[in-house]
Amino acid sequence: MCTLEKRGNLFILTLTGEGQHRFNPDLISSLLDLLSQVKAQATCGSVLITQAQGKFFSYGFDLDWVQAAGSERGAAKRLQDMADLFKPVIATLLSLPMPTIAAITGHAVAAGFTLALAHDYLIMRKDRGILWMPEVDIAVTLPDYFNALFKEKIGDASVRRELLLRGLKMKGDEAEKSGVVKAAYDGEAEMREASVRLAENLGKRKWNGEVYAEIRKGLYPQLSAILGLSHKVYAIARL
């Protein structure tokens with residue numbers, strides 16, 4: 001379902017296979033396990049890249065698993081359970097002691113878009129893939145931490161409106177122009193190379209990971225509060 005590769009100080013987390021990489025309890029558990037490994041092995045200069053194989057980065061929650069509950073009430077409970085299970089993934093990314101990059105190799109939809117947005121830098125393709133929040137179309141409300149993430153990560157209220165209240169399918173060019181992603185590239189190879197190049201450049205800075213994580217949490221106070229993340233103040237060690 002997902003793998004972790006370490007190249008020096010660079011961690012590469014990959015959602016494997018040609019499917020839609022939909023989040024169910026098993027995949028979420030695997031993600032949390034690998035992110036725990038990344039955190040445990042972090043050193044100054046570490047960087048995480050999250051990517052996926054195939055056409056999809058992630059199509060969000062596994063709605064087939066949700067509907068398999070067999071009743072409307074059971075499905076609603078499973079959907080809430082999924083949101084609760086997924087919350088620590090976002091919390092872990094926000095508190096990870098290193099820069100993080102989402103290399104969006106294909107469609108990033110709903111919770112898949114949310115996963116990407118939880119990274120510090122988003123890079124995607126121009127030739128394939130969309131960012132899409134379809135909840136308004138399928139009559140599903142957003143968890144509170146989804147709302148806080150979009151509010152604090154995407155500063156332009158009109159962009160948030162188009163994504164969340166109109167269900168805009170945003171392609172690479174528009175995502176780059178609106179500032180949702182750092183950059184968009186013409187093909188998969190170019191996009192992957194750019195993500196590694198960015199990671200290597202960030203890693204060269206050799207930042208203190210704990211300080212980096214605290215600054216990040218301070219940038220997103222509402223999200224951090226909802227996720228239950230405390231914010232520490234570190235003394236200046238050097239100038």
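**Strands E6 and E8.** I started with strand E6, residues 107-109, in this predicted model. I found two bridges joining E6 to E8, and the two strands run parallel. I then looked up Ala-108 and found its bridge partner in E8 to be Leu-131.

**The whole sheet.** Next I traced the sheet around this pair. Three strands make it up, in the order E4-E6-E8. The sheet is open, and its pairing is parallel. I checked the edges and found E4 (56-58) and E8 (131-132) there. Each has a single partner strand, so one side of each lacks a neighbour in the sheet.

**Helices H1 and H3.** I turned to helix H1, residues 25-41, and helix H3, residues 72-95. Their axes come within 10 Å and cross at roughly 20 degrees. Angles under 35 degrees count as roughly parallel, and I therefore noted H1 and H3 as roughly parallel to each other. I recorded the crossing as left-handed.

Which residues make the contact? From H1 I listed Pro-25, Ile-28, Leu-32, Leu-35 and Lys-39. From H3 I listed Met-82, Leu-85, Phe-86, Pro-88, Val-89, Thr-92, Leu-93 and Ser-95. I sorted the residues of this contact by type: 10 are nonpolar, two polar and one charged.

Technical notes. Residues are numbered from 1 along each chain as its sequence is written. This is a predicted model: local features need pLDDT of at least 70, side-chain atom pairs count only at pLDDT 80 or more; totals for chains, interfaces and linings use all residues. Side-chain values use heavy atoms; hydrogens and water are left out. Axes are lines fitted to C-alpha atoms, for helices over the stretch in contact, and angles run from 0 to 180 degrees between N-to-C directions. Helices (H or I, at least four residues) and strands (E, at least two) are DSSP runs, numbered from the N terminus. Angles under 35 degrees count as roughly parallel, over 145 as roughly antiparallel, 65 to 115 as roughly perpendicular and the rest as oblique. A crossing is left-handed if the near helix is turned anticlockwise from the far one by less than a right angle, and right-handed if clockwise. Contact means heavy atoms within 4.5 Å. Ala, Val, Leu, Ile, Met, Phe, Trp, Tyr, Cys and Pro count as nonpolar, Asp, Glu, Lys and Arg as charged, and the others, Gly among them, as polar. Two strands pair if DSSP finds at least two bridges between them.
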